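User: I'd like to learn how to read a few features off a structure file. Could you take me through them one at a time?

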Amino acid sequence: MTLLRRDSLVTRQLLRLLLLHTAWEVGSGQLRYSVPEESKHGTFVGRLAQDLGLEVAELVSRMFRMVSSGRRDYFEVNLQSGVLFVNSRVDREELCGQSPLCAIDLEVIVDKPLRIFHVEVEIGDINDNAPVFAVNEFNLFISESRLPGSRFPLEGASDADIGTNSQLTYKLSSNEFFTLDVQKKNDKSKSPELVLRKSLDREEIPLHNLLLTATDGGKLELTGTVQLVITVLDVNDNAPVFGQSVYEVSLTENTTVGELVIKLNATDLDEGINKDIAYSFNTLIVPEVKDMFRIDSHTGEIRIKGELDFEGTKLYEIQVRATDEGHAPMVGHCKILIEVLDVNDNPPELAVTSLSLPVAEDAAPGTVVALISVSDRDSGDNGKVTCSIPANLPFRLVSTFKNYHSLVLAEAVDRERVSEYKIVVTARDQGAPSLSASSSILVAISDVNDNAPAFPQPVYTVFVKENNPPGAHLLTVSAWDPDLRENAFVSYSVVERSVGEQPLSSYISVHSESGQIYALQPLDYEELQVLQFQVNARDAGLPSLCGNVSVQLFVLDANDNAPAVSPAGSVGGSPGPELVPLSAGAGHVVGKIRAVDADSGYNAWLRYEVQDPGAAGPFRVGVYSGEISTTRALEEADGPSQSLVILVKDHGEPSLSATATVSLSLVESAQAVRWDSRPRGGSEGPLVDMNVSLMIAICSVSGLFVLVIVVYVGLRCHPGPEVMCGPGKATVVCASEVGSWSYSQRQSRNLCVGEGTAKNDLMIFSPNFPNSTANGKKEIQQTLTPNSSGQVSSSRGL
């Protein structure tokens, strides 16, 4: 049976919790607590986390926080237990005055996901204020002629509490002449009156001392007292009388100073001086009334003296006396209730609580940026406030509860486009005319690494002259990242690859910070003409982003190879001196110098000349062919032998050269052997065809384009015993714009250029015309000039 009762009790408790949760959900998410004022620090208010459906263990991780609507933090939450407790003393009278409802609004915010709860803590009144009279002693002057039943208004006590704690009851000390009666007027005021129940006799008792006690309605009653000193006056037996005991007046709070409130009129049945009346406020009137109103003692006109404020005081209660001029003045009393009506004279007030500033540029729409609370001291439509922000901003206002709004992110933001937003929040009431107030929120956008480094061009091209010194600066690459700080810090590196059998890093290096590219070793045009590689630019963000750029490095030839004469010691390809018949006539070819140059272009274009022209005798050498021939018919006087020193020079700057010594023996015709430029060999082989394919080469030298067309040639050669003919792939190199051409000896082959003649070079050139206008054209010159770092610039002139 006991177990059944416990199960039934648990079931009922669960049902209550379910109903409480359902009611809370229906109530738009608002949770209400109540706590009495003057509660000590640490006083339990409620199990906030449990009532909101939050796990206590997740309060810290979900960044639980609470924002109070007041200026002080009256409440705190224990994050270990989720209990809401009193943090500081709460005085209801100080916080809300005489307002019947006193509550403190709290905003509870948690993240992951973001949720906002609204909690209202009602401050309950306790009986901590005793009734208070304005004075400790109240003097009354009553004529002995006053009849029983006469009433004498008394200034009531005030109690700062509310409700039953401020409901006062009055008690008069025991006596035979006076009783106490309490008058109520529309529940707006409650004041005691002294009622005469027995005629007074000044000669018997001229002075009465009574004690008036006010008791409030609290459970632990509190009291206040005032001493009534009643002086009995003689003779003048008619007091002034007002037309009514209570007057009610309504004034708007913007009524100007000096404006008439009411004109009072009292009458006195006496005659002469006893009916002359002077008007005045009750001597016990509160200072606020004296500062706000004034009364004309002769006319009874009450006018405004100060500035009315509905938000300060909504109702004034004024006790007015009409006193006659008799020897024993008699006084008539009335009460004036002045109600102040509200006008729209207070602009809205905004309070902004920043929550998550700055806003990251990758923040998701719906992120709460700030909480905004608005209030208006006016009432009715004058106190109804709407909030707005300018259009065309990536933010919006969301109304959360009563006069609370959340500023949230409406769409994605980009710091590189707009780095901060100045949002003007405008609050406007619904009064006529309406009043408004505004507040600016500066929302900074923080950077995230969403931009990769970018180069201003897709490809860098640089020309470097060979034989550069190690460590020479080749070029500088630069990438730009629009992000900030470490997200924009760019470091450079080379994308590693193999160049032949060596890694790229053995040729070049790049400075990680400046992007300067250096050569690690001298470059050799004869080994490497073009070096292509990629440079990587990477920022320091997390995660980092990168971009690449291609670099094309062209190596320019330098004249660093001297001509090489081959074969050594022979012109015709066989050892010993060349045999020249004495019968040879002018122009007879007796031999040929063969030389090669490992360079290219002008640097490989060779020129042949006799070193000592005076010792050449009847012989000469072809300037570009290297063929040695007779200049005239030979004579016996020319001697039996000749020795020629041939100088072979290239066209480089500076020019390099080599020499070859040729021995010539003059013999009779029968002894002479016809010179054949073809290499000697074994038995005559079959004809070898050499096909030189059609080549169209476009050579570019600093922007000039030369079109070279070498037409297909089908040549047949008849090699002798030492002739070797075969196809070869010759490289044609553009040397100058006027048409001088040479071939690269690094890929030279023997070519059969005519029957019975074998040549191992091919030269295609146009003659270098002098500077003249005979053909109607000017010579065009173009110069390639290397700078200090090995890069080449071009100049062209006419």
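User: Let's begin with the open sheet of 3 strands: what order do the strands have, and is the pairing parallel or antiparallel?

Analyst: Ground rules before that. This is a predicted model, where local features need pLDDT of at least 70, side-chain atom pairs count only at pLDDT 80 or more, and totals for chains, interfaces and linings use all residues. Residues are numbered from 1 along each chain as its sequence is written, and side-chain values use heavy atoms, with hydrogens and water left out.

Now the general idea: strands in a sheet pair through backbone hydrogen bonds, in either a parallel or an antiparallel way. Strands here are DSSP runs of E, at least two residues, numbered from the N terminus, and two of them pair if DSSP finds at least two bridges between them. In this case the order is S43-S47-S46, and the pairing is antiparallel. Strand S43 (589-592) and strand S46 (619-621) sit at the edges, each pairing on one side only. On average, neighbouring strands of this sheet are turned by 25° against each other, direction ignored; the axes behind that angle are lines fitted to C-alpha atoms, and angles run from 0 to 180 degrees between N-to-C directions.

User: How many bridges join S46 to S47?

Analyst: 3 bridges join S46 to strand S47 (residues 627-630), and the two run antiparallel. As an example, Val621 has Ile628 in S47 as its bridge partner.

User: What is the strand order in the open sheet of 4 strands?

Analyst: That one reads S42-S49-S48-S45, and its pairing is mixed. The edges are strand S42 (578-581) and strand S45 (606-610), each of which pairs on one side only. The twist averages 35° from one strand to the next. For a parallel pair, look at S42 and strand S49 (residues 657-667), which share 4 bridges; there, Val580 is bridged to Leu666 in S49.

User: In which sense does strand S14 pair with S13?

Analyst: Strand S13 (residues 207-215) pairs with S14 in the antiparallel sense over 9 bridges, with Leu211 opposite Gln227 in S14. S14 (residues 223-233) also pairs with strand S8 (residues 137-143), in the parallel sense and over 7 bridges. In that pairing, Phe138 has Leu228 in S14 as its bridge partner.

User: On to single residues. Is Asp599 buried or exposed?

Analyst: The cut-offs are simple: buried is under 20% relative accessible area, exposed is over 50%, and partly exposed is in between (1.4 Å probe, protein chains only). Asp599 has a relative accessible area of 0%, so it counts as buried. Asp599 lies in the loop between strand S44 (595-596) and S45.

User: Which side chain does the side chain of Asp599 make a polar contact with?

Analyst: A polar contact is a pair of N or O atoms within 3.5 Å; within protein, one must be able to donate a hydrogen and the other to accept it, and residues adjacent in sequence count only if both atoms are side-chain atoms. For Asp599, the side-chain partner is Asn561, at 2.7 Å. The Asp599 side chain also reaches the backbone nitrogen of Asp560, at 3.4 Å. Leaving aside neighbours within four places in sequence, the contacts of Asp599 include Glu466, Glu526, Asp557 and Ala604.

User: Where is Ser191 placed?

Analyst: Ser191 is in strand S12 (residues 189-196). Its relative accessibility is 7%, so Ser191 counts as buried. A polar contact of 3.2 Å links its side chain to that of Lys335.

Terms used
Contact = heavy atoms within 4.5 Å.
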